[in-house]
Amino acid sequence: MDKKVKQCIEMLRQLVSDVQGAPYPGEDINKELYSIWYEHAQSAAVACFEYLDENFPEESKEVSKKFDKLFK
C-alpha cells in the first residue's frame, strides 16, 4: 500500500472516530461538550476533503460527475 493511501486511511479513521464520539442530542446536552465535538469533527472532515482533493483529483472529478447526474 502506498504512502498516500495509508495516510488517507488514517485520516478517514480519525474522522469516523470523531463522528462516533458525537454527543447524543437530548434535552440536557451540554453546549460546551457539543461545541468541542463539533470542532473536532469539522476539522477532521475538512482535512479529509482537502487531502482527497489534493492527492486524488481524478477520483474527485468522477464523484462530481456522478453527483451532477443525480441532480439533473
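A nonpolar core is a set of buried Ala, Val, Leu, Ile, Met, Phe, Trp, Tyr and Cys residues joined through side-chain atoms within 4.5 Å. The views below come from a predicted model.

**View 1. The chain as a whole is made of helices.** Its secondary structure comes to 3 helices and 0 strands, and the order of elements from the N terminus is α-α-α. Of the 72 residues in the chain, 18% are buried. The accessible surface is about 6400 Å², and carbon and sulfur atoms hold 57% of that area. Among contacts with a separation of 6 or more, 60% join residues 24 or more positions apart.

**View 2. The largest nonpolar core has 8 residues.** Its members are Cys-8, Met-11, Leu-15, Ala-44, Ala-45, Cys-48, Tyr-51 and Phe-56. Helix 1 and helix 2 (31-55) are the elements that give two or more residues to this core. Helix 2 provides the largest share, 4 residues.

**View 3. Val-5 is in helix 1.** This helix covers residues 3-20. The relative accessible area of Val-5 is 29%, so this residue counts as partly exposed, because that class lies between the limits of 20% and 50%. Val-5 and Phe-56 are 51 residues apart along the chain, and their C-alpha atoms are separated by 9.7 Å.

Definitions and conventions. Residues are numbered from 1 along each chain as its sequence is written. This is a predicted model: local features need pLDDT of at least 70, side-chain atom pairs count only at pLDDT 80 or more; totals for chains, interfaces and linings use all residues. Side-chain values use heavy atoms; hydrogens and water are left out. Buried means under 20% relative accessible area, exposed over 50%, partly exposed in between (1.4 Å probe, protein chains only). Contact means heavy atoms within 4.5 Å. Accessible areas come from the Shrake-Rupley method with a 1.4 Å probe; for residues, only the protein chains shown count as cover.
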